Amino acid sequence: MTEWLCKSRLTNLALSPVLISWLVCAVCGPISFAAEPAASTGSGQAYPTRPVRLLIPFAPGGGSDALARIITPRLTDALGQTWVVDNRGGAGGNLAAEIVAKAAPDGYTVVLGFATVLTVNPALYKLSFDMARDLAPVTLLATAQYILVLHPGVPANTVKDFIALARQKPGAFNFSSGGAGTPLHLAAELFSQRAGIRMVHVPYKGGGPAAAALLAGEVQVLFGSIASSVPQVKAGRLKALATTGIKRSRVMPELPTLDETGFPGFDVGTWYAFLVPAKTPATIVNRLHNEAIRTVGLADVQKVMAAQGLEVETSTPQELAARIKRETAVWAGVIKDAGIKGE
């Protein structure tokens, strides 16, 4: 009987596929498949079965939004459900993070976390939730270094020369940023503290106006984005001194890092990551983690990201959690020492 049921002539019988499957399993034993099991919501239901909502902490047009538009079509294809981009700017990025922190832990509400929102804002704002307690890391997605640039009128061509000049003239140099507590502001403050110099902060309403102020000569110093600053450097409108990552930028590999120029361990920039509500089932976190890493690993996706000044960098959930904890402590110290207040 067993041998007869397991032979191919079984398909000639007028039996339903379901009954055939039952008979084979009952007599021949269960059949194992190589396919990875579907993630579960915790109630036994496969994941995902409906659209996934991706919260962006800022308005359309910024780096977070650009990255979301690059990767969500691929995630839609990979998971078989639409990824809906939801821009929720406000409160320095806290609004989007709060929505996700208080959402149901079912994998259908994800935030595209931005470095400063997760590691700086806890020291700047009084929050109604806890970033570390209420959000569960999934994976790091991408990083972007900053670049230290000067107005061409500043008579310094190296980091060493600029520091010497700034020490001779305390408070003579102004630096711009996109606002108090923004990444460009904090990068400059950390550099000033470690270099032992004093510069004057001039905040603007966004990174674009901050860069325009440097080009116009209203300020002399800026820690700017590589994507927007490099074209100005190559055109001779700005002077580049160093980048802020541990490794040299792929966009300007000839430029040294601050780590190389006398600031060991100086590693400042921004990064983007996926986080979900705490207590989201591990199977869902793993599914999101794996699909996100596959997506940013695609050659054409990386090419588009590089054009935005983004470098792919991924992590385990545990590595991302450790990074958030480490950087939160660093920025809390910088904010306290510089007397920075949230706007």
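I take helices (H or I, at least four residues) and strands (E, at least two) as DSSP runs, numbered from the N terminus. The model is predicted, so I use local features only at pLDDT of at least 70 and side-chain atom pairs only at pLDDT 80 or more, while totals for chains, interfaces and linings use all residues. Residues are numbered from 1 along each chain as its sequence is written, and side-chain values use heavy atoms, with hydrogens and water left out.

**Entry 1: T244.** I found T244 in the loop between β10 (239-243) and β11 (269-277). Is T244 buried or exposed? T244 counts as buried because its relative accessibility is 0% (buried is under 20%, exposed over 50%, partly exposed in between; 1.4 Å probe, protein chains only).

I then checked where its side chain points. The T244 side chain reaches the backbone nitrogen of Y146 at 2.9 Å. It also reaches the backbone oxygen of V268 at 2.3 Å. Beyond neighbours within four places in sequence, T244 is in contact (heavy atoms within 4.5 Å) with residues including F223, L258 and F266.

**Entry 2: lining classes.** I sorted residues by class: Ala, Val, Leu, Ile, Met, Phe, Trp, Tyr, Cys and Pro are nonpolar, Asp, Glu, Lys and Arg charged, and the others, Gly among them, polar. The lining of the largest pocket has 21 nonpolar, 25 polar and two charged residues. α11 gives the most to that lining, with four residues. For the second largest pocket I noted 20 nonpolar, 10 polar and nine charged residues in the lining.

Note on methods:
Polar contact = N/O pair within 3.5 Å; in protein donor to acceptor, adjacent residues only side chain to side chain.
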